Amino acid sequence: MASIAYGVDVASWDDVRTVASALPETSESAMHGTAGWRVKDKSLAWERPLRSSDLEALGPDAPDGPILAVRVADIGVKDALVADDPDVYFTTPHFNGYPAILVRLDRIDPAELRELLVEAWLARAPKRLARAYLDELP
């Protein structure tokens with residue numbers, strides 16, 4: 001169930017599970033002791049608590065809520081998300097040069113979360129599987 005913050009519905013881990021599990025051939029498995037979601041053998045999203053090096057790099061701006069890491073199509077998408085909505089999306093030096101974005105789960109709208117996870121799935125799924133999924137959409 002989504003919680004309320006800033007006067008709007010925001011996503012929860014249940015929302016992540018619901019969306020990810022609805023995507024074809026996606027499974028949930030533990031990654032380094034936290035939840036993660038994969039399509040076939042490729043990670044698309046995972047719980048990503050901030051490490052001490054992340055906290056040091058972010059300083060007083062470090063969020064304290066739940067953090068979801070999500071693969072994106074490329075660095076350009078990552079940069080655009082951070083630039084467009086830095087209250088929701090951010091990165092750390094650990095992810096420099098890597099096409100993944102960090103998401104403040106308690107600040108993202110469930111519909112936006114769904115779009116982000118579907119895009120991550122499309123970027124990671126085998127081409128035939130992604131094409132079949134898109135062909136089935138209304």
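**The sheet and its surroundings**

Tutor: In this predicted model, strand 6 (residues 67–71) and strand 8 (residues 100–104) run antiparallel and are joined by five bridges. Within this pairing, Ala69 has Leu102 of strand 8 opposite it. The two strands belong to an open sheet of six strands, whose order is 3-4-5-6-8-7 and whose pairing is antiparallel. The edges are held by strand 3 (26–31) and strand 7 (89–90); each has a single partner strand, so one side of each lacks a neighbour in the sheet.

Gly36 has Trp46 in strand 5 as its bridge partner.

Strand 4 and strand 5 form a hairpin, with two residues between them. Lys40 lies in the loop that links these strands, and its phi is positive, near 55 degrees, although the residue is not a glycine. Most residues other than glycine have a negative phi. With a relative accessible area of 45%, Lys40 is partly exposed. A second residue of this kind is Glu25, a non-glycine residue with a positive phi of about 55 degrees. Glu25 is placed in the loop between helix 1 and strand 3, and at 46% relative accessible area it is partly exposed.

Three aromatic pairs are found in the whole structure. One of them is formed by Trp13 and Trp37, which are stacked, with 6.5 Å from centre to centre and 15 degrees between the planes. Trp13 belongs to helix 1 (residues 13–22) and Trp37 to strand 4 (residues 34–39), so this pair ties together parts that lie 24 residues apart in sequence. Trp37 has a relative accessibility of 1%; the cut-off for buried is under 20%, and Trp37 therefore counts as buried. At the other end of the strand order, helix 3 (residues 75–84) lies across strand 7 and strand 8, and runs at about 25 degrees to strand 8.

Helix 4 contributes Arg114, Val118, Trp121 and Leu122 to the contact, and helix 5 contributes Leu129, Ala130, Tyr133 and Leu134. Seven of the contact residues are nonpolar, one is charged and none is polar. Trp121 is buried, with a relative accessible area of 0%. The rings of Trp121 and Tyr133 have centres 5.0 Å apart and planes at 55 degrees, so the pair is tilted. Trp121 lies in helix 4 (residues 110–124) and Tyr133 in helix 5 (residues 127–136), so the pair ties together parts twelve residues apart in sequence. Tyr133 is likewise buried, at a relative accessible area of 12%.

Technical notes. Residues are numbered from 1 along each chain as its sequence is written. This is a predicted model: local features need pLDDT of at least 70, side-chain atom pairs count only at pLDDT 80 or more; totals for chains, interfaces and linings use all residues. Side-chain values use heavy atoms; hydrogens and water are left out. Rings of Phe, Tyr and Trp (its six-membered ring) pair if their centres lie within 6.5 Å; planes under 30 degrees apart count as stacked, over 60 as edge-to-face and the rest as tilted. Helices (H or I, at least four residues) and strands (E, at least two) are DSSP runs, numbered from the N terminus. Buried means under 20% relative accessible area, exposed over 50%, partly exposed in between (1.4 Å probe, protein chains only). Contact means heavy atoms within 4.5 Å. Ala, Val, Leu, Ile, Met, Phe, Trp, Tyr, Cys and Pro count as nonpolar, Asp, Glu, Lys and Arg as charged, and the others, Gly among them, as polar. Two strands pair if DSSP finds at least two bridges between them. Axes are lines fitted to C-alpha atoms, for helices over the stretch in contact, and angles run from 0 to 180 degrees between N-to-C directions.
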